[in-house]
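Dear colleague,

I am handing over a structure to you with this email, and I would ask you to open it beside the text while you read.

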Amino acid sequence: MKQIMLLTIVLTQLAGCATSTNSSVAGVSRKQFLLLPESQVTAMSSQQYAQTLQTATGKKVLNTNTQQLTRVRNISNRLIAQTGTFRPDALKWKWEVNVEKSDQVNAYCMPGGKIMVYTGLIEKLNATDDELAAVIGHEIAHALREHGRERMSTGLVQQIGLQGLAALVTGGNTATMQMASQATSLLFTLPNSRTQEQEADRMGLELAARAGYNPEAAISLWQKMSAQSGNAPPEFLSTHPSNQTRIADLRKLAPKMMPIYQSSKKA
């Protein structure tokens with residue numbers, strides 16, 4: 001009887017799954033398992049981001065190039081202004097945009113709108129504004145779709161099992177605190193899935209187009225990324241789509257976004 005009750009709790013929670021963003025040209029509408037409260041995930045991310053900024057400041061690698069910082073913030077702000085298309089509440093997020101001096105060819109946007117761009121992305125790729133918009137738009141899309149919260153929810157269930165899930169759902173205080181601690185680590189250790197990456201590609205491309213950036217730049221961006229990555233592992237060994245798969249998908253999708261881009265240029 002106890003097992004049946006636990007299973008009922010789980011199924012009730014699963015039945016409450018919903019998509020985190022509005023439908024759009026990108027066509028992303030998958031239902032998501034979002035067990036953990038959004039406010040909790042955002043608070044965790046804000047705390048971690050603040051620690052990252054503190055560490056980078058101590059190492060004197062935060063926002064060291066005023067020109068790069070201004071450029072990244074201008075691009076990001078144009079993208080952020082278009083996030084309401086996908087979810088109106090995102091316009092009220094406490095967005096932050098910073099640049100860290102690092103050889104990493106990377107960027108990220110944490111839950112709640114905490115953006116970091118590494119200088120390696122700008123310098124090693126010699127990225128244009130349109131290409132930077134493609135990367136930052138992709139990362140913002142991860143945050144809009146709450147992929148971090150989704151990874152944490154799924155990973156937490158895998159860790160704590162059925163009884164732990166029941167304790168979390170029914171509000172056991174001690175269990176909730178322990179699980180929140182576990183969830184924090186999951187946010188930063190679990191990779192995005194291929195599905196999440198594909199969603200971020202699609203939504204990021206639309207976001208960039210709405211902000212007035214050429215969607216075809218995403219193709220040239222990933223061509224540069226492919227050249228940088230060299231002998232990347234086969235797609236079946238990776239949680240990310242292969243560069244070739246990603247570029248092929250973007251080639252198909254870019255023409256659908258061109259009317260949006262052209263309209264944004266006229267506005």
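Two strands are said to pair if DSSP finds at least two bridges between them, and with that in mind we can begin with a pair of residues that face each other in this predicted model: tyrosine 108 stands opposite methionine 116, which belongs to strand S3. The strands concerned are S2 and S3 (residues 114-118), and they pair in the antiparallel sense over four bridges. In general, strands of a sheet pair through backbone hydrogen bonds, either parallel or antiparallel.

The sheet as a whole is open and is formed by three strands in the order S1-S3-S2, with mixed pairing. Its edge strands are S1 (96-100) and S2, each of which pairs on one side only. If direction is ignored, neighbouring strands of the sheet are turned by 15° against each other on average.

Two helices pack on this sheet. Helix H2 touches S1, S2 and S3, and its direction makes about 35° with that of S1, while helix H5 touches S2 and S3, with its direction at about 25° to that of S2.

After the helix comes glutamate 146, whose phi is positive, near 55°.

Which residues touch the most other members of the largest nonpolar core? Among the 51 residues of that core, they are Leu79, Trp95, Ile115, Val117, Ile136 and Ile140. H5 gives the most to this core, namely nine residues. There is also a second, separate core of nine residues, which includes Leu53, Tyr108, Met116 and Tyr118. As a general point, nonpolar side chains tend to be buried together in soluble globular proteins. For one example of the contacts involved, tryptophan 95 touches Ile80, Thr83, Ala90, Cys109, Gly113, Ile115 and Ile140, if residues up to four places away in sequence are not counted.

Leaving aside neighbours within four places in sequence, alanine 107 is in contact with Met116, Val117, Tyr118, Leu121, Val135 and Glu139. Of these, Val135 is 28 residues away along the chain, and yet the two C-alpha atoms are separated by 7.3 Å.

Lysine 31, by contrast, lies in the loop between helix H1 (2-15) and helix H2 (38-58). Lysine 31 counts as exposed because its relative accessibility is 58%, and exposed means over 50%. Lysine 31 and serine 20, which are 11 residues apart in sequence, are 8.0 Å apart in space, C-alpha to C-alpha.

Finally, a word of care about confidence. The mean pLDDT of the chain is 83, and 76% of its residues reach 70 or more. Over residues 1-9, however, the pLDDT is below 50, and this stretch has nine contacts in the model beyond near neighbours in sequence. Over residues 179-191 the pLDDT is also below 50, and there the model has 31 such contacts. Where pLDDT is low, the predicted coordinates should not be read in detail.

With best wishes

Technical notes. Residues numbered from 1 in each chain as written. Predicted model: local features only at pLDDT ≥ 70, side-chain atom pairs only at ≥ 80, totals over all residues. Heavy atoms only, no water. Core = buried A, V, L, I, M, F, W, Y, C linked by side-chain atoms within 4.5 Å. Buried < 20%, exposed > 50% of the residue type's maximum accessible area, 1.4 Å probe, protein only. Contact = heavy atoms within 4.5 Å. pLDDT = per-residue confidence, 0-100. Axes fitted to C-alpha atoms, helices over the stretch in contact; angles between N-to-C directions.
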